[in-house]
Amino acid sequence: MTILAVTSVMRASPKGSSHGAVHLLDVGKGRVARVVDWKAPGVDWDLPGGGRGMRGIAFEGERVFVAGADALYSFTPEFELLAVHRSP
C-alpha cells in the first residue's frame with residue numbers, strides 16, 4: 001500500500017474560499033482524500049498568490065508539519081491542528 005501526501009495552492013480562488021489543501025493519495029486503490037481544506041483568515045487577497053495555500057509537508061514521529069506562506073503548521077497524524085509556528 002502506497003499513500004502519498006500532497007499539498008496544493010489555489011492561486012485564483014475567490015476571496016473567502018478554500019485556497020489550499022492537503023490530500024492523501026492511495027496509489028494502489030486510485031483514491032484521493034482531502035484531509036485539510038485551507039480557508040485561513042487574514043490572507044492578502046490583493047497579491048497574486050499572496051499567503052494562500054499549503055506549500056510542503058514533512059513527517060516527524062507523531063507530528064505532521066505543513067508549510068504555509070508565512071507559518072509552519074503542526075498537525076496530528078489525523079490532521080487535527082496542534083500549533084502554528086511563526087518567525088518573528
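1. Once neighbours within four places in sequence are set aside, arginine 86 is in contact with Asp70, Ala71 and Tyr73. This residue belongs to a model that is predicted, and a reader new to the structure may wish to keep that in mind throughout the points below.

2. Arginine 86 lies in the segment that follows strand E7, which covers residues 81-85. Arginine 86 counts as exposed because its relative accessibility is 52%, and the cut-off for that class is over 50%. From arginine 86 to glycine 68 the C-alpha to C-alpha separation is 10.0 Å, while the two residues are 18 residues apart in sequence.

3. Two of the contacts of arginine 86, Ala71 and Tyr73, are also members of the largest nonpolar core. That core has 10 residues, and besides Ala71 and Tyr73 it includes Val22, Val36, Trp38, Met54, Val64, Val66, Phe75 and Phe79. At least two residues of the core come from each of strand E3 (31-38), strand E5 (63-67) and strand E6 (72-75).

4. Strand E2, made up of residues 20-26, is mostly covered, since 5 of its 7 residues are buried. On one side of the pairing scheme, strand E1 (residues 3-9) runs antiparallel to E2 and is joined to it by 7 bridges; within this pairing, leucine 4 has leucine 25 of E2 as its bridge partner.

5. Strand E2 also pairs with E3, again in the antiparallel sense and over 7 bridges, and here leucine 24 has alanine 33 of E3 as its bridge partner. The two strands E2 and E3 form a hairpin in which 4 residues stand between them, and glycine 30, located in the turn, has a positive phi of about 65°.

6. A last point concerns the surface, where Leu4, Val6 and Val27 form a nonpolar patch whose accessible area together is about 230 Å².

Conventions: Residues are numbered from 1 along each chain as its sequence is written. This is a predicted model: local features need pLDDT of at least 70, side-chain atom pairs count only at pLDDT 80 or more; totals for chains, interfaces and linings use all residues. Side-chain values use heavy atoms; hydrogens and water are left out. A nonpolar core is a set of buried Ala, Val, Leu, Ile, Met, Phe, Trp, Tyr and Cys residues joined through side-chain atoms within 4.5 Å. Buried means under 20% relative accessible area, exposed over 50%, partly exposed in between (1.4 Å probe, protein chains only). Contact means heavy atoms within 4.5 Å. Two strands pair if DSSP finds at least two bridges between them. Patches are made of residues with over 30% relative accessible area and no salt bridge: like charges are joined within 9 Å, nonpolar side chains (Val, Leu, Ile, Met, Phe, Trp, Tyr) within 5 Å. Accessible areas come from the Shrake-Rupley method with a 1.4 Å probe; for residues, only the protein chains shown count as cover. A salt bridge is a side-chain nitrogen of Lys or Arg within 4 Å of a carboxyl oxygen of Asp or Glu.
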